[in-house]
Amino acid sequence: MILWWLACATDTCDDMCDAALSRFEACMAEDGDTWGDTVYAGPDDYAEWCATWSWEQRRLDETDVCDENLETFETGDCDAYDDVWSSR
């Protein structure tokens, strides 16, 4: 039973991806960009990319980075958003 619970344990990576998507969309609007003008075709494309990135962090046992990023994406500006990804 404990193994089942551990398998279902969650981290903040999914929340981080939701916040990152919201921040990215806000930054696109601020810059006058639209989906397809960027490296992502649309929100689903971005979500898939972030899910893959999060999966990698889980496999590396580095989900603490999701906690750090979540706060930045929820409260930071576009420069903070860019700084997160350029430092990784």
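Gln 57 is buried in this predicted model, with a relative accessible area of 8%. Gln 57 belongs to helix α3, which covers residues 43–59. Apart from neighbours within four places in sequence, Gln 57 touches Glu 62, Thr 63 and Val 65.

Ser 54 counts as buried, because its relative accessibility is 0%, and the cut-off for buried is under 20%. Beyond its sequence neighbours within four places, Ser 54 is in contact with Cys 13, Met 16 and Cys 17.

The structure holds three disulfides, listed here.

| Disulfide | S to S distance | S-S torsion | Hand |
|---|---|---|---|
| Cys 13 and Cys 66 | 1.9 Å | about 85 degrees | right-handed |
| Cys 17 and Cys 50 | 2.1 Å | about -90 degrees | left-handed |
| Cys 27 and Cys 78 | 2.2 Å | about -110 degrees | left-handed |

Cys 13 and Cys 66 form a disulfide that links distant parts of the chain, with Cys 13 in helix α2 (residues 13–31) and Cys 66 in helix α4 (residues 64–75), 53 residues apart. Cys 13 is buried at 0% relative accessibility, and Cys 66 is buried with a relative accessible area of 0%.

A disulfide joins Cys 17 to Cys 50. Cys 17 lies in helix α2 and Cys 50 in helix α3, so this pair ties together parts 33 residues apart in sequence. Cys 17 is buried at 11%, and Cys 50 is buried at 0%.

Cys 27 lies in helix α2 and Cys 78 in helix α5 (residues 78–86), so parts 51 residues apart in sequence are tied together. Both Cys 27 and Cys 78 are buried.

Counting bonded cysteines along the chain, the disulfide pattern is 1-5, 2-4, 3-6.

Note on methods: Residues are numbered from 1 along each chain as its sequence is written. This is a predicted model: local features need pLDDT of at least 70, side-chain atom pairs count only at pLDDT 80 or more; totals for chains, interfaces and linings use all residues. Side-chain values use heavy atoms; hydrogens and water are left out. Helices (H or I, at least four residues) and strands (E, at least two) are DSSP runs, numbered from the N terminus. Buried means under 20% relative accessible area, exposed over 50%, partly exposed in between (1.4 Å probe, protein chains only). Contact means heavy atoms within 4.5 Å. A disulfide is a pair of cysteine sulfur atoms within 2.5 Å.
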